[in-house]
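Hi,

Here is the model I promised to pass on.

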Amino acid sequence: MEPGKIDSVSQDERYLGLTDKQLLSLFEKGDEYAIGLIYEKYWKVLYISAFKILRNEEESRIIVKEVFTTLFKHSTELKIGNDIGAYLNAAVRHQVLCQISNSKSYHHLLESLSNYVQDKQETSITATVKLSY
């Protein structure tokens, strides 16, 4: 039997039956294995939640990744409360809304630019036509 297998089995057993609150408490104390368990429990639900709104696999994956990256980097600074699931869902919703807002702004800017270019072309064509008469 591999030495790593024995350690991982005993480590899994230590975390068996822990609540989300207990896992979060362990993670806040620097236990990276605890965040892995939280990730395994919630990533799919969060991805589906993001995908239902965005209808884009890549953007949904990126959002979930960003939420967990933020959680990992700022675990000691965040005010998560007692319900990690509710916190993660709210964080994903926030990121999705930001994505939609940025996307709408981006599309609005493209539309404005397109209209501007089209107006300039029409003005140029009109000026050319007037000059030729």
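A term before the details: a polar contact here is a pair of N or O atoms within 3.5 Å, where within protein one must be able to donate a hydrogen and the other to accept it, and residues adjacent in sequence count only if both atoms are side-chain atoms. By that rule, the side chain of Asp 31 reaches the backbone nitrogen of Tyr 33 at 3.0 Å.

Some housekeeping. This is a predicted model, where local features need pLDDT of at least 70 and side-chain atom pairs count only at pLDDT 80 or more, while totals for chains, interfaces and linings use all residues. Numbering runs from 1 along each chain as its sequence is written, and side-chain values use heavy atoms, with hydrogens and water left out.

Back to Asp 31, which sits in the loop between α2 and α3 (helices are DSSP runs of H or I, at least four residues, numbered from the N terminus). Through that oxygen, Asp 31 caps the N-terminal end of α3. The residue is buried (under 20% relative accessible area, 1.4 Å probe, protein chains only) yet has no salt bridge, meaning a side-chain nitrogen of Lys or Arg within 4 Å of a carboxyl oxygen of Asp or Glu. The nearest side chain of opposite charge is Arg 14, 6.2 Å away (Lys and Arg count as positive, Asp and Glu as negative; His and the chain ends are not counted). Leaving aside neighbours within four places in sequence, Asp 31 is in contact with Tyr 15 and Leu 26, contact being heavy atoms within 4.5 Å.

Now α3 itself, residues 32-54: the helix bends by about 45° at Tyr 42, taken as the angle between axes fitted to the seven residues ending there and the seven starting there. Among its buried residues are Ile 35, Ile 38, Tyr 42 and Leu 46. Arg 55 follows α3 with a positive phi, near 55°.

And the core? The largest nonpolar core has 23 residues, and Ile 38, Phe 68, Leu 71, Ile 84 and Leu 88 have the most contacts inside it. Such a core is a set of buried Ala, Val, Leu, Ile, Met, Phe, Trp, Tyr and Cys residues joined through side-chain atoms within 4.5 Å. α3 gives the most to this core, with eight residues.

Ile 38 touches Leu 23, Leu 24, Phe 68, Ile 84 and Leu 88, not counting residues up to four places away in sequence. Leu 24, in helix α2 (residues 20-28), is buried with a relative accessible area of 4%. Its C-alpha is 8.7 Å from that of Asn 82, 58 residues apart along the chain.

Cheers

Conventions
Helices (H or I, at least four residues) and strands (E, at least two) are DSSP runs, numbered from the N terminus. Buried means under 20% relative accessible area, exposed over 50%, partly exposed in between (1.4 Å probe, protein chains only).
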